[in-house]
Amino acid sequence: MINIDSLNFSYVSGIRRSQPVLNNLSMDIPPGRSVGVLGANGVGKSTLLRLIAGTLTPDFASDRGTFQVLNHFPRDRSLDFLQQIFIVPESFELPDISGHWYADRLCGFYPLFDAELFSDLLQRFELDHHHILSEMSFGQKKKFLVAFALATRCPLILMDEPTNGMDIPSKSAFRDAVIETQRDDQTILISTHQVRDLESIIDSVVLMNNDVSSWVDLNLLYQSISQVNGDSELPILYSETRLGSPVSLVAAALDNHTDIDLELLFNAFHYNSDGLLNAIQSTEANKEASA
Amino acid sequence: MNVNLVRVATYIRLKHATESSRLIRLISLFFAGLCALMFLLSSVNKDSLSEDITGVYGLGILIVAVVILGRHTFNEFKNPLESVGWLTLPASTEEKWLANFLVSFLIAPVVYILAVTLGSIVVKILFISLGWNTAFEIYNPISASGLDLLTGYWIIHPVLFFGAIYFNKSVIMKTSAMMAIVIFGLLIYTFFVGWLLLPDVITDDFNMYNGELQLEWDMEEDSGWVHLAPTWSKFVLKTLFYGSFLYFWVLSYLRLREVDV
């Protein structure tokens, strides 16, 4: 679905490129996954989504084979590619017309658009499609665009901070909508700071910082690391105190493993990315060796 | 080349749907202004024919060029908050270019000519209903005057169309300044090359015309200028002229392909 090998990107300022935002970024994301893109401010999460959507040109763009999304080089913006992706940007403007009118004209571009699903999602999000879009609140606009994105049935949907501006019931409706509408061959990439909003949705994460990035399958994470409440003698990757008691991520697979808290994982990566990725990769290497 | 005319039409409809209220306000204001101007001019001079107010029509099409090419064309790619959606909209770059081209080159001037015709009908009806006897005539769109208006618009279209995608703001001002610099530079260059290659001719010519620079391409051999076969020179000039249209249109397409956001 998404194959990236040594992707570099720097913004152009005047005639020269600035400091690189993405440096040798590599990852392979298979189809049918719900992926959370996690990283601190400024590591290039939104930039990565835009590169995948083809609205930015990577450095060394001639090396097209190393950056393929849905078997296309995204920056070509070929019709076939654009029909298979939809991006919900972090900030956007919607026009001065009703939601119904807008969607009626826009849906013609998406061959798999499901009008029934769109109508159902609008109801779930408590949106009136006769409402003028520009008069909606920011959260309502986000919900409208998310509903449209899911209704396009595109194989790849990119969402940049989709829950920003949404109230608590809307976040819940958003999670339900993503879980219920996602098809087996559809990949959804969600970039966010609010990791708790994603906990029930995603099955894998892209962990990013300025030096390294990696795609991690959460379903297999328990084979490499575990979350331990209380003191532990196992090699600790990261630990923090919650309600007066330590909660740690340890580099070991425990028999009675619990789900790993996404926020803990994010912090572990933020403060000890090398240790965390080494622990995950060494398990993968051991598995490959034994196989 | 991936062009589907149905998709181009849908693109045009979507783009105009998203700007409908602003566009309707603008067209209504423009139409009202045009009618008022025709009415006023014909009232002041009751013997004036519609041909006499050609200047008004000319000014009108200039305003159309400023509004359409200066503000409307390719504007979907200029606001970063909107352009991500438009860039990722499933239509090929050729279709996005063609949609903007068709609106600015064909639809806008034709709508303007029709608006002028309709406006002149309204004014004529107004005069008749008021019982005023004027020589004002209904504008005939299928006339030499109509063709002149269209030709004038089409001549400035390629450069402004390119300016519309190249510049983000103050398109008309920046494009005009750019063209003025290019033309001025070309004139100086031509004069300089001419002076280097044929100093006598240039000097003689200046003496002959008391310093007035005249460009004449199909003159007689005995005028003191270099002889150029009229047919050949006209062919070269026409090729350069129409070639520049193609050049700017192709350039605008290439520029559109480069747009990132």
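User: Is R75(A) buried or exposed, and at what relative accessibility?

Analyst: Buried means under 20% relative accessible area, exposed means over 50%, and partly exposed lies in between (1.4 Å probe, protein chains only). R75(A) has 13% relative accessibility, so it counts as buried. This is a predicted model, where local features need pLDDT of at least 70, side-chain atom pairs count only at pLDDT 80 or more, and totals for chains, interfaces and linings use all residues. Residues are numbered from 1 along each chain as its sequence is written, chains are lettered from A and ligands numbered from 1 in the order in which they are written, and side-chain values use heavy atoms, with hydrogens and water left out.

User: Which residue forms a salt bridge with R75(A)?

Analyst: Side chains of opposite charge can pair when their charged atoms come close. A salt bridge needs a side-chain nitrogen of Lys or Arg within 4 Å of a carboxyl oxygen of Asp or Glu. R75(A) meets D260(B), at 2.9 Å from N to O. This pair crosses between chains. R75(A) sits in the loop between strand 4 (67–69) and helix 2 (79–82) of chain A, while D260(B) follows helix 9 (230–258) of chain B. Helices (H or I, at least four residues) and strands (E, at least two) are DSSP runs, numbered from the N terminus. D260(B) is partly exposed, at 33%.

User: How many salt bridges are there over all chains?

Analyst: The whole structure holds 18. One of them joins R33(A) to D217(A), with the closest N and O atoms 2.8 Å apart. R33(A) is in the loop between strands 2 and 3 of chain A and D217(A) is in strand 9, so the pair ties together parts 184 residues apart in sequence. Both ends are buried: R33(A) at 13% and D217(A) at 15%.

User: Which salt bridge does R153(A) make?

Analyst: R153(A) pairs with D114(A), at 3.5 Å from N to O. The two are 39 residues apart in chain A, each in a loop. R153(A) is buried at 17%, and D114(A) is partly exposed at 24%.

User: Which residues are linked in a network of salt bridges?

Analyst: R196(A), E199(A), E240(A), R242(A), D261(A) and E263(A).
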